[in-house]
Amino acid sequence: MSSNYYYLVASLPKIAFDLEQKDLDILALKEEVKENTPSSDYAYVDMLFTPYDISNLLNKILERKLPFSDKGRFTEEQLEIAIERPNRLPAFMGDFVKVYKGKVEPEDEEEQAKHEYILSEPEIYLYTQFYNEATSSRNKFIRDWFTIDRDIRNILAAVAARRLGIDRENVLIG
């Protein structure tokens with residue numbers, strides 16, 4: 001982010017970790033931040049909510065029939081349109097949709113192997129691509145946040161895989 005947003009941080013609701021916080025409205029908070037930051041900086045905030053978009057995309061594409069999360073950057077209608085026009089999605093999500101919908105043909109064996117991987121492990125593919133993008137961000141906070149987020153999630157996934165007797169390689173991201 002190009003500015004220090006002390007006023008924005010000062011306006012955030014107080015959160016006490018030892019109390020149940022039921023009145024924190026993430027959507028209202030996102031809207032307030034959006035109204036008070038330039039779009040170039042808000043793009044970084046938006047990135048924090050991309051995992052919701054990935055989950056929603058997988059839900060739609062794989063027809064999981066799970067409730068749609070309104071915490072992502074796309075509304076349900078926008079996502080449905082973007083699935084039909086994948087160039088409206090972030091590049092890694094658009095590439096996934098094109099492969100999944102059969103809109104691109106592999107040109108060689110390496111690309112064929114990539115397509116097979118995308119089709120067999122869509123969740124791992126999307127989250128790996130997202131974390132690779134986020135941990136390569138020019139913004140230090142985003143890089144650090146998603147590095148630690150990915151690492152914690154991988155540790156938890158590895159522990160769960162070990163407990164269930166599943167190969168860790170099939171659950172780790174990034």
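In the predicted model, the residues buried in helix α9 are Ile 142, Phe 146, Asp 149, Arg 150, Asn 154, Ala 158 and Ala 161. These buried residues pack against two other helices, α3 (39-48) and α8. An α-helix has 3.6 residues a turn, so residues three or four places apart point the same way. Helix α9 itself covers residues 140-164, a stretch of 25 residues. From its first C-alpha to its last, α9 reaches 36 Å, close to the 36 Å expected at 1.5 Å a residue.

Helix α8 (residues 122-134), one of the two partners of the buried residues of α9, also meets helix α6 (residues 91-100), the two axes coming within 9 Å. The axes cross at roughly 160°, and because angles over 145 degrees count as roughly antiparallel, α6 and α8 are roughly antiparallel to each other. The crossing of α6 past α8 is right-handed. On the α6 side, the contact is made by Phe 92, Met 93, Asp 95 and Phe 96. On the α8 side, the residues are Pro 122, Tyr 125, Leu 126, Gln 129, Phe 130 and Glu 133. By residue class, this contact between α6 and α8 comprises seven nonpolar residues, one polar residue and two charged ones.

Helix α3, the other partner of the buried residues of α9, contains Tyr 44. The relative accessibility of Tyr 44 is 17%; the cut-off for burial is under 20%, so Tyr 44 counts as buried. Tyr 44 and Ser 137 are separated by 93 residues in sequence, while their C-alpha atoms are 9.1 Å apart in space.

A further buried position is Asn 56, with a relative accessible area of 2%. Asn 56 lies in helix α4, which spans residues 50-61. With residues up to four places away in sequence left out, Asn 56 touches Pro 67, Phe 68, Ser 69 and Leu 79.

Across the protein chain, the secondary structure consists of nine helices and zero strands. The order along the sequence is α-α-α-α-α-α-α-α-α. Of the 174 residues in the chain, 32% are buried. Among contacts between residues at least 6 apart in sequence, 45% join residues at least 24 apart.

Definitions and conventions:
Residues numbered from 1 in each chain as written. Predicted model: local features only at pLDDT ≥ 70, side-chain atom pairs only at ≥ 80, totals over all residues. Heavy atoms only, no water. Axes fitted to C-alpha atoms, helices over the stretch in contact; angles between N-to-C directions. Helix = DSSP H or I, 4+ residues; strand = E, 2+ residues; numbered from the N terminus. Parallel < 35°, antiparallel > 145°, perpendicular 65-115°, else oblique. Left-handed = near helix turned anticlockwise from the far one by under 90°. Contact = heavy atoms within 4.5 Å. Nonpolar A, V, L, I, M, F, W, Y, C, P; charged D, E, K, R; others polar. Expected span 1.5 Å × (residues − 1). Buried < 20%, exposed > 50% of the residue type's maximum accessible area, 1.4 Å probe, protein only.
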